[in-house]
Amino acid sequence: MEWRCTWCGKPHDENDPPCDNCGHNTFERAVEQMAPETTDGPTEPVWVCTECGRQHTKNSPPCKRCGNVHLEKRQPDWEAFEDIGGTTYRDVLEPRYVAGYLLAAILGITLLLAYTGVITLPGMGRPPVPDAPGEGDRVGDLSLAEVESAYVEQLNERRDEAGVVALSNDTDLEWYTAYVNKRIVANVTGDGPPLSQQDTERVREYCQGRRIVQHYTVFSTGPVEDFGNESALAATLVESWDGRDDALADSQTQVGVDVHVAPDDRIFVTVAVC
């Protein structure tokens with residue numbers, strides 16, 4: 001219909017008054033109502049999460065808000081249309097996002113503390129004890145682990161005579177002395193790099209206050225196998241340590257010792273007391 005009555009609005013095919021409805025003699029051209037070029041939202045159905053109600057423009061689970069894998073096809077809810085699309089501020093504050101941010105912050109702080117040496121993490125700040133030429137476990141019938149234990153016993157006998165408490169073996173110091181001693185042996189024999197500044201200061205991670213770390217080499221008068229037992233070898237090593245009297249301070253409570261025999265029967269000893 002192109003014409004309508006200006007009085008009652010009845011449509012007519014031609015501009016041929018009067019109006020056959022009210023008899024009015026004036027028509028006007030009818031204006032065709034055009035659909036708007038844009039809308040406030042999608043005209044197609046949307047996909048709604050059955051768990052939290054978030055709307056999605058595509059059937060592409062999981063839900064961007066809660067992770068639910070079930071989406072249901074529905075007509076769009078215009079009031080909730082703001083939820084369609086990318087991540088919003090509301091999503092950023094979702095519990096799983098907040099938990100992720102907190103976890104990342106804690107991890108970052110932990111790595112920073114480990115890097116600065118405040119704490120030690122597994123696999124960080126403690127490299128494996130390197131291999132070194134010679135023997136670090138046994139020489140003939142002698143167990144070097146028992147030699148180290150006898151070494152500590154004889155240090156404690158001297159401390160007892162001085163009226164101070166006995167030293168206790170510390171696993172951190174035992175690792176430290178083994179690491180340092182093997183590095184020294186490998187370097188002296190030409191098979192490894194020298195100790196770094198970080199290596200020599202690593203003991204700070206385990207000791208507070210006064211600490212003693214000394215390395216020395218003992219040339220035995222004959223093959224190491226000729227010592228009658230572990231205690232006899234330990235006595236020779238203690239007597240060969242010029243700094244043994246420094247280990248008698250009452251403030252010291254922990255000790256670590258490593259003994260390594262090089263291929264030429266030189267005995268390398270590293271002692272840490274704190």
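A salt bridge here is a side-chain nitrogen of Lys or Arg within 4 Å of a carboxyl oxygen of Asp or Glu. The close-ups below show a predicted model, in which local features need pLDDT of at least 70 and side-chain atom pairs count only at pLDDT 80 or more, while totals for chains, interfaces and linings use all residues. Residues are numbered from 1 along each chain as its sequence is written, and side-chain values use heavy atoms, with hydrogens and water left out.

**View 1. Arg4 and Glu28 form a salt bridge.** Welcome to the first close-up. The closest N and O atoms of Arg4 and Glu28 are 3.0 Å apart. Arg4 sits in strand β1 (residues 3-5) and Glu28 in strand β3 (residues 27-29), so this pair ties together parts that are 24 residues apart in sequence. Helices (H or I, at least four residues) and strands (E, at least two) are DSSP runs, numbered from the N terminus. Arg4 is partly exposed, with a relative accessible area of 35%, and Glu28 also counts as partly exposed, at 32%. For these labels, buried means under 20% relative accessible area, exposed means over 50%, and partly exposed lies in between (1.4 Å probe, protein chains only). A search of the whole structure finds seven salt bridges.

**View 2. Lys10 and Asp20 form a salt bridge between two loops.** Here the closest N and O atoms are 2.8 Å apart. Lys10 belongs to the loop between β1 and β2 (11-12), and Asp20 to the loop between β2 and β3, so the pair ties together parts that are ten residues apart in sequence. Lys10 is partly exposed at 31% relative accessibility, whereas Asp20 is exposed, with a relative accessible area of 57%. While you are here, look for Pro18, which is also found in the loop between β2 and β3. A cis peptide bond joins Pro17 and Pro18, with omega at about 10°.

**View 3. Arg74 and Glu72 form a salt bridge.** The closest N and O atoms of this pair are 2.7 Å apart. Arg74 has a relative accessible area of 38% and is partly exposed.

**View 4. Arg158, Glu239 and Arg244 are linked in a network of salt bridges.**

**View 5. Tyr151, Tyr216 and Trp241 form one aromatic cluster.** Rings of Phe, Tyr and Trp (its six-membered ring) pair if their centres lie within 6.5 Å; planes under 30 degrees apart count as stacked, over 60 as edge-to-face and the rest as tilted. By this rule the count comes to three aromatic pairs. The rings of Tyr151 and Trp241 have centres 6.4 Å apart and planes at 35°, so this pair is tilted. Tyr151 lies in helix α3 (residues 144-161) and Trp241 in the loop between α6 and β11 (254-261), so the pair ties together parts that are 90 residues apart in sequence. Tyr151 is buried at 0% relative accessibility, and Trp241 is buried at 1%.

**View 6. Trp175 and Tyr179 form a stacked aromatic pair.** Their rings are 5.3 Å apart centre to centre, with 20° between the planes. Being four residues apart in helix α4 (residues 171-188), Trp175 and Tyr179 are separated by about one helical turn. Both Trp175 and Tyr179 are buried.

**View 7. Ser231 and Ala150 are 5.5 Å apart in space, C-alpha to C-alpha.** In sequence, Ser231 and Ala150 are 81 residues apart. Ser231 is part of helix α6, and counts as partly exposed at 40% relative accessibility.

**View 8. Glu135, Asp137, Asp141, Glu225 and Asp226 form a negative surface patch.** Patches are made of residues with over 30% relative accessible area and no salt bridge, with like charges joined within 9 Å and nonpolar side chains (Val, Leu, Ile, Met, Phe, Trp, Tyr) within 5 Å. One member, Glu225, is found in the loop between β10 (212-219) and α6 (230-239). Glu225 is partly exposed, with a relative accessible area of 44%.

**View 9. Asp265 has a positive phi.** The phi of Asp265, a residue other than glycine, is near 70°. Asp265 is found in the loop between β11 and β12 (266-273), and is partly exposed at 24% relative accessibility.

Methods
Accessible areas come from the Shrake-Rupley method with a 1.4 Å probe; for residues, only the protein chains shown count as cover. Lys and Arg count as positive and Asp and Glu as negative; His and the chain ends are not counted. The place of a charge is taken as NZ of Lys, CZ of Arg, CG of Asp or CD of Glu.
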